Amino acid sequence: MQIEQKQQLSLLMDGEFTDDNFVDVVSHDERLQSCWHRYHIAREAMRGELHGSSLTLDISNQVAMAIADDDLYPQLTEQPSQDEISIPKAENLFWVRIKDVVAKVSQVGLAACVTLAIIAGVQYHQGQSDDASGAPTLNTVPMGVNVAPVGGIQHNDKQLLEKRQYDKIRLLVQDYELQKRLNAR
């Protein structure tokens, strides 16, 4: 589209150009019609009269052209022929499976060794640092916070510990009496 046609189109929109020949050219040329439409949208936007219904975004033609131009299935140049392909032997498959199992076992073994080394290192450093500062090397509890051991038993509360031991003994005696009654019959 030439610059002169765009200028004539702009003049036609402003009402300053009245050439019937140019109107016929615009009515038959799709590019000029789309330009005419874009100019009207720009004018409405500048005047603040733009409505959502006047904005139509139709990109279907562009998408269809891009799909048509795209090569969806590229040709493979280096495909092996049927003569070059060999079927693996059963004994080779066995060794492949053995190799996979050995690889997995060695990975688990390596992870176990790393875990053992970390635990041993923490315990070793914790034994050395207990004499110096009193704070453990791997301290997961914030300083100044008292936590109860798992199970809720507190070491300084001996009455609670004695009560639990008494309850355990009482349950064992009850179980013994019940077993004695069942076996007596």
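Helices α1 and α2 are roughly perpendicular to each other, since an angle from 65 to 115 degrees counts as such and theirs is about 110 degrees. This is a predicted model. The protein has six helices and zero strands, so that, read from the N terminus, its elements run α-α-α-α-α-α. Buried residues account for 6% of the 185 residues.

**Packing of α1 and α2**

- Helix α1 covers residues 3–14 and helix α2 covers residues 20–28, and their axes lie 11 Å apart.
- On the α1 side, the contact is formed by Q5, Q8, L9 and L12.
- On the α2 side, F22, V23 and V26 take part.
- Sorted by class, this contact of α1 with α2 holds five nonpolar residues, two polar residues and no charged ones.

**F22**

- F22 is located in helix α2.
- With a relative accessibility of 5%, F22 counts as buried, because the cut-off for buried is under 20%.
- Leaving aside residues up to four places away in sequence, F22 touches Q5, Q8, L9, L12 and F17.
- Q5 and F22 are separated by 17 residues in sequence, and their C-alpha atoms are 8.7 Å apart.

**Helix α3 and its ends**

- Helix α3 spans residues 30–47, a run of 18 residues.
- From the first C-alpha of α3 to the last is 26 Å, close to the 26 Å expected at 1.5 Å a residue.
- The residues L32, C35, H40 and I41 of α3 are buried.
- The cover over the buried residues of α3 includes α1 and α2.
- Just after α3 comes G48, which has a positive phi of about 80 degrees.

**Helix α6**

- Helix α6 runs over residues 158–184 and has 27 residues.
- At 1.5 Å a residue α6 should span 39 Å, and its end C-alpha atoms are 39 Å apart, so the two values agree.
- The number of buried residues in α6 is zero, and therefore this helix lies largely in the open.

**Contacts across the sequence**

- Of the contacts between residues at least 6 apart in sequence, 30% join residues at least 24 apart.

Note on methods
Residues numbered from 1 in each chain as written. Predicted model: local features only at pLDDT ≥ 70, side-chain atom pairs only at ≥ 80, totals over all residues. Heavy atoms only, no water. Axes fitted to C-alpha atoms, helices over the stretch in contact; angles between N-to-C directions. Helix = DSSP H or I, 4+ residues; strand = E, 2+ residues; numbered from the N terminus. Parallel < 35°, antiparallel > 145°, perpendicular 65-115°, else oblique. Contact = heavy atoms within 4.5 Å. Nonpolar A, V, L, I, M, F, W, Y, C, P; charged D, E, K, R; others polar. Expected span 1.5 Å × (residues − 1). Buried < 20%, exposed > 50% of the residue type's maximum accessible area, 1.4 Å probe, protein only.
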